[in-house]
Amino acid sequence: MPPRDVPTAREARLGTELRKMRERAGRTAHEAAAHIGTDRAKMSNIESGRRGISEGRIRKLADFYECHDAPYIDALCAIAREHRGQHWWERYRGVLAPGALDVSELEHHATALHLVHLLLVPGIFQTEGYARAILSSAIPGPDEEQLTARVEHRVSRARIFQRPDPPRCEAIIHEAALRMRYGGRQVARGQLSHLLTVAEWPGVTLRVIPFALEDVPGHAQSMLYAEGPVPQLDTVQMDTPFGGVFLHSEHELKRYRRLCDAASALALDAEESRQLIRYLAREM
């Protein structure tokens with residue numbers, strides 16, 4: 001089977017973790033390839049996520065690298081057992097940009113989500129009207145078929161909260177985002193009403209940073225911190241005007257955990273936040 005042209009973020013992450021494991025052990029890619037009976041080129045493709053690897057080979061490499069962290073190895077094997085086409089977002093492959101599908105995949109596999117948003121309502125909680133207003137403002141703007149697919153995909157991401165085991169989620173939103181009237185007054189009011197419903201979903205804690213506080217965490221930068229099944233697989237996802245980025249080095253994760261903590265320390269509690277949202281909806 002030829003190498004993948006565009007690995008998903010999760011496929012690439014598996015390769016990255018195998019490379020980091022090898023480097024910590026002080027082994028070369030040539031030695032690793034020989035140990036599992038492959039060649040250097042294929043080993044390079046495995047570590048870049050462009051080629052899959054079996055669970056058996058992962059365990060063989062872990063033993064070769066003297067890595068005995070069983071939960072971590074099991075989590076990597078779980079990624080290796082996955083295949084494209086088994087999840088709902090796959091029907092958008094080839095229709096939407098790969099990065100949009102990577103976000104769906106990240107949210108689906110997370111055990112907990114920490115959201116900090118300062119100018120927009122988090123995508124996973126957006127209504128159809130709000131999402132359409134945001135996505136149609138892109139430059140250059142999408143055509144109607146592409147826009148409809150993007151909106152449908154974005155709204156569908158919330159289905160993870162309908163599972164019997166939804167991830168824990170703390171969403172911290174600045175009052176500025178709640179006052180923005182994307183799509184007009186009616187759309188904005190509908191979005192606020194939806195947030196009040198979201199706040200009642202199992203596992204979701206919705207909190208607001210009010211204008212009354214002068215501190216703004218992270219220089220007005222929004223982010224998603226997704227906890228994996230083990231800490232080594234935590235991931236930060238951030239949107240930019242030119243696409244999303246995924247961060248997962250130990251240093252970066254520590255920085256963004258501190259940012260989450262700083263935002264949490266500033267936010268109102270859950271009940272105070274609901275009261276503020278109700279007030280803003282009436283004022284809208």
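Biologist: Which helices each supply at least two residues of the lining of the largest cavity?
Modeller: The model is predicted. In it, the cavity lining consists of Val121, Tyr130, Ala177, Leu178, Met180, Ala188, Gln191 and Leu192. The helices that each give at least two residues to this lining are H9 (175-179) and H10 (185-198).

Biologist: Which element gives the largest share of that lining?
Modeller: Ala188, Gln191 and Leu192 are in the lining, and their numbers fall in the range 185-198 of H10. The largest share, three residues, therefore belongs to H10.

Biologist: What volume does the largest cavity have?
Modeller: The count of cavities of 30 Å³ or more comes to one. The volume of the largest cavity is about 40 Å³.

Biologist: Which residues does Leu195 contact, leaving aside neighbours within four places in sequence?
Modeller: Leu195 belongs to the largest nonpolar core, which has 31 residues, and is among those touching the most other members, with Leu113, Phe125, Phe161, Leu178 and Leu192. Elements giving two or more residues to this core include strand E1 (112-117), H9, H10 and strand E3 (204-209). Beyond its sequence neighbours, Leu195 is in contact with Val121, Phe125, Ile173, Leu178 and Leu206.

Biologist: Which helices do the buried residues of H5 pack against?
Modeller: Helix H5 covers residues 70-81 and reaches 16 Å from its first C-alpha to its last. Its buried residues are Tyr72, Ile73, Ala75, Leu76, Cys77 and Ile79. Cys77 is also one of the 24 residues of a second, separate core. The buried residues of H5 pack against H1 (9-25) and H4 (55-64).

How values were computed:
Residues numbered from 1 in each chain as written. Predicted model: local features only at pLDDT ≥ 70, side-chain atom pairs only at ≥ 80, totals over all residues. Heavy atoms only, no water. 1 Å grid on protein atoms, 1.4 Å probe; cavity = no way out; pocket = protein on both sides within 12 Å on 5 of 7 lines; lining within 4 Å. Points joined across faces, edges and corners; volume = space filled by probe spheres on them. Helix = DSSP H or I, 4+ residues; strand = E, 2+ residues; numbered from the N terminus. Expected span 1.5 Å × (residues − 1). Buried < 20%, exposed > 50% of the residue type's maximum accessible area, 1.4 Å probe, protein only. Contact = heavy atoms within 4.5 Å. Core = buried A, V, L, I, M, F, W, Y, C linked by side-chain atoms within 4.5 Å.
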